[in-house]
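Take a look at the sequence and the fold below.

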Amino acid sequence: MLVASFWTCVFAAEVRGEALFWHASLPEALAEAKASGKPLFLEFRCAPCVNGREFDAQVYYYTEPDSPRGKLMSRYVLARVTSMSGVNIAHYDRDWHNSLYYFIINGNEDIYLRYGGRDEVAADTYLNLDSLELALTLGLSEHEAFKEGRRASTGATANFKPEDIGLLNREVIQKNRCTECHLIADYSMQEKAHAGLLDPISDLYRSPDIKRLGLYLDVPKGLLLKETKGAAADAGIMAGDTVASLNGTTVLTFGDLQYQLDKVPRLSPEILLGVKRNGELSEMVVTLPREWWKTDLEFRHWTVEPQLFFESRELQKKEKEKLRLPEKGFASEVTGLDIEAAMNGHHDLEIGDIVISVDGRASNPLTSDPSVYIKLFHAPNSVVRLGVLRAGKLRDINLKTGQMNFRKAPVEENIPDLSLGWSETAYLSSGKEKAVGYRAAVVGEYLLVQARHFADWHSFAMDNAARLKGRKIVEGNQELPTEITIDQEIKGGWLQTEPTDFSDPEMHWFTWGFQGVSYFAVKLATPEQAVKVNISAQACRDDICAGAVGLELEVPASPAKQVSPMTREILDELTPLTGK
């Protein structure tokens with residue numbers, strides 16, 4: 001019996017009898033696609049992984065050339081790539097914890113569609129041979145549309161390979177290990193965390209489950225809806241509709257739909273979902289439910305999420321009412337305990353305990369689950385104070401979080417080529433409560449200022465005044481913008497994270513701002529010098545606002561001349577100020 005480790009980077013050299021030909025090299029497959037004019041059916045497969053193995057075997061090993069699926073696949077150049085080294089992962093972007101994933105492209109690497117994706121339950125929930133045949137048919141149609149000029153090119157993508165992830169390069173590639181798909185996710189998140197760039201709500205909670213929106217697919221039939229509930233049903237979407245677009249982008253498969261949903265900012269209030277009904281296309285506004293993005297992280301084996309060493313379930317509304325707990329407050333019953341908790345003293349929780357607060361906070365607008373709240377706002381290996389109901393009495397219990405290490409050694413604390421030279425953090429506070437933490441670093445030619453918002457606080461854009469032009473506002477109904485000045489000459493204008501619209505037009509209240517982690521950046525005339533930064537800002541939550549004038553940051557000079565790929569990704573997503 002073969003063990004899993006034997007399969008690392010095996011390119012399937014077995015004799016399979018009469019079978020379709022698959023390239024093991026992406027460059028060779030692209031060359032054939034260019035020469036033949038055929039589209040390319042590209043499989044990325046994490047060879048040692050058991051997830052998706054049965055579906056992979058059905059497609060790769062057991063597709064008969066004369067079968068309907070085989071006849072469709074024979075119209076493609078076929079490639080199965082089992083190590084991601086050298087692949088442009090920026091272009092073939094996806095959630096890298098999918099160990100089996102397909103793209104339909106052309107010889108110039110224009111992407112027609114994705115096929116793959118999963119939910120937290122299983123790797124093959126949305127993998128189906130009938131829907132694959134439908135995707136192959138759609139891919140051929142898209143290829144013809146492209147050749148006839150009816151479909152635009154997807155355009156070039158910045159070249160970013162696994163080798164550019166420093167930790168992955170050092171721990172995997174340079175040791176001649178296979179660059180498995182999940183290692184891209186694991187090491188890139190470790191590197192982000194190490195550099196202080198991790199945003200847990202978007203970086204950890206990948207691939208939101210469409211069922212949280214009330215969308216239930218008839219999986220063999222692609223994007224045909226078998227049933228709708230909740231937010232989708234409230235928006236007027238019905239069983240029998242076929243999902244066709246998300247926020248204006250066409251989707252042809254579940255893989256497309258999940259990929260586009262994953263790109264939606266986690267704080268967005270709504271999405272625009274296009275559906276086909278009786279041949280007519282309609283766009284429906286779907287109000288995103290609270291915690292629409294929440295998924296179970298356990299199967300991912302992340303190394304950057306805090307481990308809590310207990311399992312819990314959220315109490316239902318009636319259960320909260322019986323205990324006289326607020327409907328939107330934290331309330332989770334402990335249902336399981338990790339043996340390591342007792343062995344290493346991580347906590348003294350007991351089965352049946354009900355966690356109702358974290359560090360004195362009893363609620364949060366992002367989540368009602370205290371476990372998720374800890375993962376969003378607390379680091380691994382930190383101590384968190386839990387408010388716990390046990391037998392009707394409230395007590396405080398300290399939880400020492402841990403960090404998961406799955407098939408990887410712990411990362412060293414100081415790695416000069418991966419760490420950014422952040423300043424000390426200055427806080428905008430309301431009394432003793434921190435609202436926003438600001439820090440800054442010089443990266444290449446840029447000054448990068450990070451604003452990390454606590455819990456339910458938000459701050460405001462640098463260009464609120466310019467955005468207000470031409471709008472009628474009530475006097476005083478304008479929050480103060482973020483103002484940043486530095487002690488040296490700048491080149492060009494400031495950039496900022498795209499602000500969220502917090503406006504309420506019915507009240508003639510217009511304002512834009514930030515939650516979670518946001519950034520500001522500007523190009524420096526003399527980036528080799530240390531920088532003094534002065535910040536004035538306002539932050540608010542539902543019940544109170546606070547302000548700070550003259551927060552000072554002392555930013556050390558950075559010896560690094562190059563911008564890391566992780567930082568470049570952040571800079572590329574920033575937008576110029578309105579009217580600047």
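Is the link of Cys540 and Cys545 right-handed or left-handed? The link is right-handed, with 105° about the S-S bond. Keep in mind that this is a predicted model. The structure holds 1 disulfide, and Cys540 and Cys545 form it, with a distance of 2.0 Å from S to S. The two partners sit in unlike surroundings. Cys540 is buried, at a relative accessible area of 3%. Cys545 is partly exposed, at 42%.

Now turn to Cys46 and Cys49. A disulfide needs the two sulfur atoms within 2.5 Å. Seen from Cys49, the closest cysteine sulfur is in Cys46, again at 5.1 Å. Cys46 is buried, at 1% relative accessibility. Cys49 also counts as buried, at 17%.

Next comes the sheet. It is open and has 5 strands, in the order S12-S13-S14-S15-S16, with antiparallel pairing. Strand S12 (310-314) and strand S16 (393-400) are the edges, and each pairs on one side only. On average, neighbouring strands are turned by 40° against each other, direction ignored. A helix packs on this sheet: H12, residues 370-377. Helix H12 touches S12, S13, S14, S15 and S16. Its direction makes about 30° with that of S14.

Strand S15 (residues 383-390) runs antiparallel to S16, and 8 bridges join them. Which residue stands opposite Leu389 in S16? That residue is Leu394.

Terms used: Residues numbered from 1 in each chain as written. Predicted model: local features only at pLDDT ≥ 70, side-chain atom pairs only at ≥ 80, totals over all residues. Heavy atoms only, no water. Buried < 20%, exposed > 50% of the residue type's maximum accessible area, 1.4 Å probe, protein only. Pairing = 2+ DSSP bridges. Helix = DSSP H or I, 4+ residues; strand = E, 2+ residues; numbered from the N terminus. Axes fitted to C-alpha atoms, helices over the stretch in contact; angles between N-to-C directions. Contact = heavy atoms within 4.5 Å.
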